[in-house]
Amino acid sequence: VRGCIYLLRDPRDVVISYSKFIGSSIDETINRMAEPNRQIYNQEKTVGIILSRWDYHITSWLKLNSPKIIIKYEDLLTNTEKVINELINFLKNTLKIDLKINKNKIAHIIETTSFKKLKQKEEDEGFIEASKKSKFFRSGTSLQWKTELKSDQIEKIERNFQDLMKKFNYLN
C-alpha cells in the first residue's frame with residue numbers, strides 16, 4: 001500500500017447515519033457497531049465484507065504500516081480549505097505525487113465536492129453507494145447526536161469507544 005487516507009467521524013453521529021442507511025433502530029445500530037465480528041455484503045450479495053467494532057476498524061488502519069493521513073469529518077465540514085491543503089501536502093510531500101495545484105484549483109475542488117453538490121448529483125443521477133433505505137448524501141452535518149440520541153445511547157457509545165474517542169478529541 002502506497003498510502004491511505006482515512007476519514008474518521010464521531011461514532012455518535014455515525015450511529016445516526018448508519019441506522020438510516022441500514023434501516024435499523026438507533027439501539028440496534030449501536031449494538032452492531034460494538035460487535036467484534038459482523039459481516040455485510042455488497043449490493044449484489046456476491047462479496048462479503050467483514051466489519052468490526054468502530055474502534056477495531058480504526059485501530060486496524062492506524063496499525064497499517066503505510067503512510068497515512070487521518071481526516072476528521074468534522075474538520076472537513078468546518079475547515080474545508082485547511083483540510084484540503086493538508087491532504088494535498090500529504091499527497092505531494094509524503095507520497096511524492098506530482099500535483100499541479102493552485103488556489104483556483106483548490107476553490108474548484110471545494111465547490112464541486114460540496115455536500116450540496118454531491119447531494120444534488122445523487123438526486124439527478126443516483127449513487128451506487130446509496131442503500132434502499134436511505135440516500136447516501138443525507139444531511140452532511142455533525143453533532144446530530146446532541147439532539148437525536150438519548151442519554152443512555154450516548155453513554156453506551158462513549159463507554160464502548162471511549163479510548164479512541166479520547167484519542168481523537170471526541171471526549172475530554
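Select Ser142: at 21% relative accessibility, Ser142 counts as partly exposed (the class between buried, under 20% relative accessible area, and exposed, over 50%, with a 1.4 Å probe and protein chains only). This is a predicted model, in which local features need pLDDT of at least 70 and side-chain atom pairs count only at pLDDT 80 or more, while totals for chains, interfaces and linings use all residues. Residues are numbered from 1 along each chain as its sequence is written, and side-chain values use heavy atoms, with hydrogens and water left out.

**Stop 1: around Ser142**

Ser142 sits in the loop between helix H7 (115-125) and helix H8 (145-148). Helices (H or I, at least four residues) and strands (E, at least two) are DSSP runs, numbered from the N terminus. Now show the contacts of Ser142, meaning heavy atoms within 4.5 Å. Leaving aside neighbours within four places in sequence, Ser142 touches Asp13, Glu74 and Leu77.

**Stop 2: salt bridges**

Side chains of opposite charge can pair when their charged atoms come close. The rule here asks for a side-chain nitrogen of Lys or Arg within 4 Å of a carboxyl oxygen of Asp or Glu. By this rule the count comes to 8 salt bridges.

Go to Asp98 and Lys100. Their side chains meet in a salt bridge, 2.9 Å from N to O. Both Asp98 and Lys100 are exposed. Salt bridges that share partners also join Asp10, Arg12 and Glu158 into one network.

Arg12 is buried, with a relative accessible area of 4%. Asp10 is buried too, at 3%.

Move to helix H5 (residues 80-94), where Glu86 and Lys82 lie 4 residues apart, about one turn of the helix. They form a salt bridge, with the closest N and O atoms 3.3 Å apart. Glu86 is partly exposed at 36%, and Lys82 is partly exposed at 47%.

**Stop 3: Arg53**

Select Arg53, in the loop between strand S3 (48-51) and helix H3 (54-62). At 11% relative accessibility, Arg53 counts as buried. Its side chain makes a polar contact with the side chain of Asp55 at 2.9 Å. A polar contact is a pair of N or O atoms within 3.5 Å; within protein, one must be able to donate a hydrogen and the other to accept it, and residues adjacent in sequence count only if both atoms are side-chain atoms. A polar atom of the Arg53 side chain also lies 3.2 Å from the backbone oxygen of Ala34. Beyond four places in sequence, the contacts of Arg53 include Met33, Pro36 and Phe161.

**Stop 4: the cores**

In soluble globular proteins, nonpolar side chains tend to be buried together. A nonpolar core here is a set of buried Ala, Val, Leu, Ile, Met, Phe, Trp, Tyr and Cys residues joined through side-chain atoms within 4.5 Å. Which residues have the most contacts inside the largest nonpolar core? Select Trp54 and Leu149; this core has 22 residues. Strand S1 (4-8), helix H1 (11-22), helix H2 (26-34), H3 and helix H9 (151-167) each give two or more residues to this core. H9 supplies the largest share, 5 residues.

Stay on Trp54. Among its contacts beyond four places in sequence are Leu8, Val14, Leu164 and Met165. Apart from this core lies another, of 7 residues, including Ile69, Ile71, Val83 and Phe90.
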